[in-house]
Amino acid sequence: MTIHWCGTGLSAIPGLRRLIQNGRNVVVWNRTIEKAQDAVGDLNSDIRAFDMDALASALAPGDIAVSMLPGDLHVPVAKLCLEKGAHFVSSSYISPEMRALDEAFKDAGLSCVNEIGLDPGIDHLMAHWLVADYRASAGYDADNTLSFISYCGGVPKIANPFRYKFSWSPLGVLTALRSPSRSIKNGKPYDVARPWDAISSYDAPLQTTESFEVYPNRDSIPFMEDYAFDPDWNVDLFVRGTLRLNGWTEAWKDVFAEVETLQGSEGDARLKEMSDQFWRDNAYDEGEPDRVIMCVALKAEKDGTHVYHKTYVMDAWGDVRGTAMARLVSTPVSLAIDMIVDGQAKAGVTAATSDLATIDDWMGHVRELAQHVAVVDHLG
């Protein structure tokens, strides 16, 4: 079995190096061979120039293709895996086009594992653990009122005036600012056209309590089913969102105002200009530490009294091992690959595992990657 790891960007390297160091048979693909050689050339000499035709020629039945490529290439690589009888892994969200391949992967007995990076990925593991823990708790009652939050953010460990720094092209962050979100608030769907319309404050129960700005992103509602929420549960709040340093809203107010006005091809061109400027002005310096904070919480109330309330928290920052973001995105990807190699992955299109034994194992790795991981029992 050969692992074809495609893409050696900034978030890919620690997991890739882990696989090679653990003796896995890995072919490294990247559009620029020199960049891949700089990243893993000391460990692996089989580095090839990526293109779809070359990958198609190399893929064999039973192999695994890993896409750490731009998002528009995930589905084409997954379809290529189906043609060649290979498995597929990506850290990205499952798009409708990827979801449509589920039956084909199941029929072929092949795994297509997605959403196994940081966010999405580690957040899913925490959510599955909390829901299972709540179901097994003395406070569980199907009539309880539930509140669920999942916030994650990559921020500079040393705050800058812009209250944010970029690990890779800012275009993705800017594009997300133009995207609507949907969550549950006060027991009803809560639709927001732009993130800045729903910014609130959140006190994160880290080693010391810290306050951050947070806002919902994407469509949170389908994840209630993914996290095994019973359809009959009384859910007052359910939100998956983004976490930012306090002061971010004020620092970015002019960005919000301009993004609001951008339309069509001219707007896209201006967004690219803004991205290039932000990359010049607010990229991480060599060796500058980043920071990743994740808080996933589940609270249950009965007759106005809290009967369950726990928060799974993680706080990580860049150190001699490199950036926290790279460790926490790519290492879970490598764990999913191990799961497939070991024959433990389900066939079909799936997200991060909900198997509790696997979650405990993988969160053990996360504890080694982050400086602080804990489950906070607010009633305890």
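Predicted model: local features only at pLDDT ≥ 70, side-chain atom pairs only at ≥ 80, totals over all residues.

Trainee: How many helices and strands does the protein have?

Mentor: The secondary structure comprises 14 helices and 16 strands. The radius of gyration is 21 Å, close to the 21 Å given by the globule rule for 380 residues, so the protein is as compact as a globular protein of that length. Along the principal axes, the C-alpha atoms fill a box of roughly 60 × 45 × 40 Å.

Trainee: What percentage of the residues count as buried?

Mentor: Of the 380 residues, 51% count as buried, that is, under 20% relative accessible area. The protein exposes about 16800 Å², and carbon and sulfur atoms supply 47% of that area.

Trainee: How is empty space inside the protein to be found?

Mentor: Rolling a probe the size of a water molecule over the atoms shows where empty space is left. Here there is one cavity of 30 Å³ or more, and the largest cavity holds about 30 Å³ of space.

Trainee: Which residues line the largest cavity, and which strand gives the most to the lining?

Mentor: The lining consists of Tyr93, Asp119, Asp123, Ser150, Tyr151, Cys152, Asn217, Arg240 and Gly241. Strand β7 gives the most, with three residues; β7 (145–156) and β12 (234–245) each supply at least two.

Trainee: What is the make-up of that lining by class?

Mentor: The lining of the largest cavity has three nonpolar, three polar and three charged residues.

How values were computed. Residues numbered from 1 in each chain as written. Heavy atoms only, no water. 1 Å grid on protein atoms, 1.4 Å probe; cavity = no way out; pocket = protein on both sides within 12 Å on 5 of 7 lines; lining within 4 Å. Points joined across faces, edges and corners; volume = space filled by probe spheres on them. Helix = DSSP H or I, 4+ residues; strand = E, 2+ residues; numbered from the N terminus. Nonpolar A, V, L, I, M, F, W, Y, C, P; charged D, E, K, R; others polar. Rg over C-alpha atoms; globule rule 2.2 N^0.38 Å. Buried < 20%, exposed > 50% of the residue type's maximum accessible area, 1.4 Å probe, protein only. Areas by Shrake-Rupley, 256 points an atom, 1.4 Å probe, with all protein chains shown as cover.
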